[in-house]
Amino acid sequence: MFLLLPFDSLIVSLLGISLTVLFTLLLVFIIAPAIFGVSFGIRKLYMKTLLKIFAWATLRMERGAKEKNHQLYKPYTNGIIAKDPTSLEEEIKEIRRSGSSKALDDTREFELSDIFYFCRKGMETIMDDEVTKRFSAEELESWNLLSRTNYNFQYISLRLTVLWGLGVLIRYCFLLPLRIALAFTGISLLVVGTTVVGYLPNGRFKEFLSKHVHLMCYRICVRALTAIITYHDRKNRPRNGGICVANHTSPIDVIILASDGYYAMVGQVHGGLMGVIQRAMVKACPHVWFERSEVKDRHLVAKRLTEHVQDKSKLPILIFPEGTCINNTSVMMFKKGSFEIGATVYPVAIKYDPQFGDAFWNSSKYGMVTYLLRMMTSWAIVCSVWYLPPMTREAEEDAVQFANRVKSAIARQGGLVDLLWDGGLKREKVKDTFKEEQQKLYSKMIVGNHEDRSRS
Amino acid sequence: MGSRSSHAARIPDVDSIQRETGFSQASLLRLYHRFRALDRNKKGYLSRVDLQEIGALAVNPLGDRIIDSFFPDGSLQLDFPGFVRVLAHFRPVDVEDHGNRDPQEPEPLNSRMNKLRFAFQLYDLDRDGKISRHEMLQVLRLMVGVQVTEEQLESIADRTVQEADEDGDGAVSFLEFTKSLEKMNIEQKMSIRILK
C-alpha cells in the first residue's frame with residue numbers, strides 16, 4: 001500500500017490534466033458552436049467515414065454467406081407478399097368471369113366463388129398487414145456494426161468481429177460519457193437559464209433572452225445525441241400565431257425541431273426530472289402544460305389551444321397529431337383536434353436515416369431511460385427536416401379532410417407511406433364503420449343487379 | 001448478438017414443416033418472423049386475440065371465419081406449424097409437381113382440391129360435408145351486413161343452392177361445389193405469392 005503513494009499523486013495529476021484538456025476541447029469544439037449556432041462540420045465528416053465502414057462490413061458478410069452457400073436475409077419494408085391493388089368490385093367480377101362461360105353483361109347476383117375474394121384478402125392481411133410492421137424498428141439493408149440490427153451474425157468473420165469490438169469500445173467508452181456530460185450540461189443550463197430569465201420583468205428583453213437560452217440548450221442537446229440534421233426550406237418555418245404539425249417518431253423530434261425555432265410546447269405535466277424541466281421552462285416562455293385530468297377533457301384542451309393561437313403575437317405551437325410514436329416508414333391518421341382550431345398549419349416532415357441509429361421509440365419494448373441510453377450508444381442520429389408551405393382549412397373542408405390533406409403532404413415530402421389507420425390501433429380495436437363500408441360495396445354488387453333485373 | 005437470426009435452423013422442426021407445406025426455407029423464415037411479430041406478448045403461440053388485433057382483418061366481413069380456420073376443433077393456441085399449415089393452402093401451385101408426384105404421398109396442401117376444400121369449410125360450419133341453405137344464408141349475411149333485407153337474401157340463397165344442387169337434397173355437397181366451380185382458375189384466385 002505504501003508503494004502506491006508516489007504513483008497515487010502522479011495518477012491523480014494525470015487524471016486532472018486529462019480531464020481539463022477534455023473539458024476545454026468540449027467547450028471549444030462543441031459547446032461554443034452550440035451557443036452561437038455555428039458548426040465545424042466534424043459530425044458530417046464522421047458520418048462519411050462511418051458510411052464507408054458500413055459498406056465494407058456488408059460486403060464482407062455477403063462474401064461470408066456466399067462461401068457457405070446460403071442466402072443472406074434481406075428484409076423488405078414494403079411487405080413480403082406480392083399484392084394486386086385492385087378494388088373489391090373489379091376482383092369479384094374477374095373471379096366470376098373466370099369461373100363461368102356466360103356473357104359478361106349477364107352478371108348474376110351471387111356466386112359461390114365470391115367468397116374467394118374475402119378469403120384471400122383475409123389471408124393476405126394475416127401474412128402481412130400495413131399497421132403491425134409500423135410499430136417495430138425499420139430493418140436495414142446493410143449492417144451498421146450494431147449488434148441490435150444484426151440478422152446475419154453467423155456470417156461474421158474475425159476481422160468484422162474485431163471491427164465490431166472496436167466500435168463497441170468507441171461507442172461505450174468514449175462517445176457515451178461524452179454525450180452524457182453534454183446532456184447533463186444542456187439540461188442544467190436549460191433549467192438554470194430559464195429560471196433566471198423568469199425573474200426578469202415581461203418585455204422584449206425577456207423574450208429575446210428566453211429565445212436564446214432555449215435555442216442554446218437545445219443545440220447542446222442535439223450535440224449530446226450527435227444528431228446530424230439537414231433542414232430544408234427554412235423560409236417556410238412556422239410563424240407566430242400558427243400551429244406546427246409534424247410526424248412523430250420519438251421524443252427526440254421535439255429537440256430536433258426546437259433547436260431550429262422557438263416554439264410553445266404542448267404536453268402533459270410529468271413528474272420527476274421532466275417535471276422539473278417543464279416547470280422551469282414555463283417560467284420563461286408560455287408553454288401549455290396540462291394536468292393529467294385535464295388531458296381527457298377534449299374541450300378544455302381545444303379551448304386553451306384556441307386562446308393561445310388567437311393571440312397573434314404568441315409563439316407557434318408544436319403538436320404531433322398522430323398521438324403516438326410510429327417507426328418512421330409511414331404516417332398514420334392525424335387526430336382532428338388541432339385542425340379544428342382554425343389557425344394556420346405549418347406542416348413539417350421529419351425523416352430519420354436508420355443507418356446510423358434508429359430513433360424510433362418502441363414504448364412497449366423500452367422505457368424512456370433505456371431508450372435514451374440506446375440513442376446515446378448509437379453512432380449518430382441522422383435526419384432530414386422539411387418545412388412545408390403553410391396550409392389553411394378551406395371553406396368546404398371539414399377538420400378530418402383538412403387533417404388528411406396535411407398528412408398526405410407530409411407523407412409525400414418525407415417519402416413515407418400514407419396510411420388511413422389510427423396509430424392507436426396498436427392498443428384499441430378498429431371501428432366497425434370500416435367493415436360496413438366493405439359490406440356496402442359488396443351488397444351493391446349483388447343487390448344492385450337484382451334491382452336492375454326486376455326492372456327489366 | 002442480435003435478437004433475430006437469418007438462419008432457418010432457428011425454426012423448430014423446420015425440415016418436417018418444409019416437407020409438409022412445400023414452402024421454401026426463405027419463405028418459411030419470413031413467415032416465422034411474421035409469426036413472432038404477431039405474437040405480441042412473446043408467448044410462443046398465437047391466440048385468437050392476436051389475430052383479431054390485425055386491423056385489416058377485423059374489417060374483413062369474413063374475418064372471424066378466417067380466424068376460426070386457424071383454430072380447428074376448439075383449440076385455443078396456434079403454434080408455428082399450425083400457422084404455416086393453413087397458409088400453405090395459399091401457396092401458388094408448382095407447375096413441376098403434376099408430373100412427378102408420387103401417388104402414394106398425400107396431396108400437397110396447395111393442390112386445387114385442397115384449396116377448394118378450404119373454401120368449402122368456410123361455408124360449412126358444422127362440418128357435415130354439406131352447405132345447407134341455412135349455412136349459405138349465414139355467410140351471405142356476414143358479407144352484406146345490414147345492407148340487404150332478409151327476403152332478398154333468402155331468395156339469393158335459394159337460387160344459389162338450387163343451381164348447384166344436383167341430387168336434390170337441398171344442400172350443396174363438396175362434389176357439387178367443385179362441379180359448379182370446375183372452370184374457375186382456383187390456382188390463381190386462391191394463391192398468395194411470397195417474395196423471395
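**View 1. A salt bridge links chain A and chain B.** In this predicted model, the side chains of B:Arg34 and A:Asp129 meet. The N to O distance is 2.8 Å. A salt bridge here needs a side-chain nitrogen of Lys or Arg within 4 Å of a carboxyl oxygen of Asp or Glu. How many salt bridges are counted between chain A and chain B? The count is one.

**View 2. Polar contacts cross the interface of chain A and chain B.** Eight residue pairs are in polar contact, both residues at pLDDT 80 or more. Which of them gives the largest share? That is α4(A), with twelve residues. By class, this side of chain A has 27 nonpolar, 17 polar and 16 charged residues.

**View 3. Chain A and chain B bury area between them.** The total is about 6100 Å². Carbon and sulfur atoms account for 67% of it. Look for A:Leu112, A:Phe116 and A:Ile126. Together they supply 13% of the area that chain A buries against chain B, more than any other three residues. In contact terms, 60 residues of chain A meet 69 residues of chain B.

**View 4. Chain A holds both helices and strands.** There are 13 helices and nine strands. Of the 456 residues in chain A, 48% are buried. Take the contacts in chain A with a separation of 6 or more: 78% join residues 24 or more positions apart. Chain A exposes about 23400 Å², and carbon and sulfur atoms supply 62% of that area.

Note on methods: Residues are numbered from 1 along each chain as its sequence is written. Chains are lettered from A and ligands numbered from 1 in the order in which they are written. This is a predicted model: local features need pLDDT of at least 70, side-chain atom pairs count only at pLDDT 80 or more; totals for chains, interfaces and linings use all residues. Side-chain values use heavy atoms; hydrogens and water are left out. Contact means heavy atoms within 4.5 Å. Buried area is the accessible area (1.4 Å probe) that two parts lose on being put together, summed over both. A polar contact is a pair of N or O atoms within 3.5 Å; within protein, one must be able to donate a hydrogen and the other to accept it, and residues adjacent in sequence count only if both atoms are side-chain atoms. Helices (H or I, at least four residues) and strands (E, at least two) are DSSP runs, numbered from the N terminus. Ala, Val, Leu, Ile, Met, Phe, Trp, Tyr, Cys and Pro count as nonpolar, Asp, Glu, Lys and Arg as charged, and the others, Gly among them, as polar. Buried means under 20% relative accessible area, exposed over 50%, partly exposed in between (1.4 Å probe, protein chains only). Accessible areas come from the Shrake-Rupley method with a 1.4 Å probe; for residues, only the protein chains shown count as cover.
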